[in-house]
Amino acid sequence: MKILGIETSCDDTSVALYDSDRGVAENLLSSQVDLHDQFGGVVPELASRAHLVNLLPLVDHLLQRHELRPRDLDGVAVTNGPGLIGALLVGLSTAKAIAHAADLPLVGVHHIEGHLLANALTAELVLPAVFLVVSGGHTELILARDVGVYERLGATLDDAAGEAFDKSAKLLGLPYPGGPHIDRLAASGDPERFQLPRPLARDPRLVFSFSGLKTAVRLVVEALPRPLADQDVADVCRGVQDAIVDVLCQRLFQAAKETGVGAVYLAGGVAANGGLRAAVAKLAKRHRLHFTPPERVYCTDNAAMIAYAGWQQLRAGRRDGLDLDSFARAPLSSWR
Ligand code: KG4
Ligand code: ZN
């Protein structure tokens, strides 16, 4: 089966072709980072307009490169939420138009399911498993008993882990999104210099909180001499990353223990973080749990993961109609 995937939930316009015989045949991305950088975060209206400009040329390019006509496809999978409504609607209307015009089955994919199943693009999934979903908008622990059978174990009470990275980076004057910059700079930072708080460390629940970290980082940064020295910035980056990675790891392995699963996975943009990947790999070994890190290109938003998740649904007989709606927020629910 050849599935066209479309992802426009936030600030990346992405289209992909998943071929069930060959894997990901193409994963195209048009990033809007430069557009939003000047505002220090994503401006929803600008994101929608950029998707409108970029999406159809990307679809055309993909089909031409693979010498396909829309009717040669076997289905269209599109992210229909959660995300920015205007941005989602651009992808959803386009997917509906293509599916309708070429008489193809259409399926809506929950963005979080896309992130979870991105792991299957790298290596065969070992299920049941606990997934730590960490992105700019989400920090959740999901128990996947099977593909399509999900249970939410816990989530953040306030900011998402990616937001904590991005807001800390902003305080340090780093570009948006700050996560990758903190990741890079933390490597040369001193782990002992800034011990930032680990919020809710003693809370027995599977919850996270990152809003306090932002305040702690602000106080640390305000006390530093101006202009900020490169080593000071690197040391703060290391302190921020270690604090975030610590609490994420603590909850992930707590969740694995409580559910008795044999595998853990990372998903979402923050799963690209070098410190997090290394820490989870080390702990998984110690706890004798299976862990393979997802390929970095499939951590941040991409349509390959949406096409793959759509293929899983289509082969299980799921279809959506042209009345498929988009939604800004909704927990991931099971479909099997
Ligand atoms: O999954 P994603 O592309 O979009 C959302 O669904 O939110 O995640 C974007 C988030 C941003 O907050 C970005 O700073 C963070 O992922 N991120 C990272 C890294 N790469 C991306 N955070 C830490 N280290 C990274 N290497
Ligand atoms: Zn995402």
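Helix H8 (residues 230-259) packs against helix H9 (residues 274-286) at an angle of about 35°, and their axes are 10 Å apart. Axes here are lines fitted to C-alpha atoms, for helices over the stretch in contact, and angles run from 0 to 180 degrees between N-to-C directions. Helices (H or I, at least four residues) and strands (E, at least two) are DSSP runs, numbered from the N terminus. The crossing of H8 and H9 is right-handed, a term for a near helix turned clockwise from the far one by less than a right angle. On the H8 side, the contact (heavy atoms within 4.5 Å) is made by Gln241, Val245, Leu248, Cys249, Leu252 and Phe253. H9 contributes Gly275, Leu276, Ala279, Val280, Leu283 and Ala284. Sorted by class, these are ten nonpolar, two polar and no charged residues. Ala, Val, Leu, Ile, Met, Phe, Trp, Tyr, Cys and Pro count as nonpolar, Asp, Glu, Lys and Arg as charged, and the others, Gly among them, as polar.

The model is predicted: local features need pLDDT of at least 70, side-chain atom pairs count only at pLDDT 80 or more, and totals for chains, interfaces and linings use all residues. Residues are numbered from 1 along each chain as its sequence is written, chains are lettered from A and ligands numbered from 1 in the order in which they are written, and side-chain values use heavy atoms, with hydrogens and water left out.

Turning to the aromatic rings, a search of the whole structure finds five pairs. Rings of Phe, Tyr and Trp (its six-membered ring) pair if their centres lie within 6.5 Å; planes under 30 degrees apart count as stacked, over 60 as edge-to-face and the rest as tilted. Phe131 and Tyr265 are stacked, because their ring centres are 5.0 Å apart and their planes lie at 20°. Since Phe131 belongs to strand S6 (residues 129-134) and Tyr265 to strand S10 (residues 264-267), the pair ties together parts that are 134 residues apart in sequence. Phe131 is buried (under 20% relative accessible area, with exposed over 50% and partly exposed in between; 1.4 Å probe, protein chains only), at 1% relative accessibility. Tyr265 is buried too, at 1%. Phe208 and Phe210 also stack, with centres 6.3 Å apart and planes at 15°. Tyr18, Tyr308 and Trp311 form one aromatic cluster.

Helix H3 (residues 85-102) has buried residues including Leu88, Val90, Lys96 and Ile98. Their cover includes strand S1 (2-7) and helix H2 (44-65). After H3 comes Asp103, with a positive phi near 55°.
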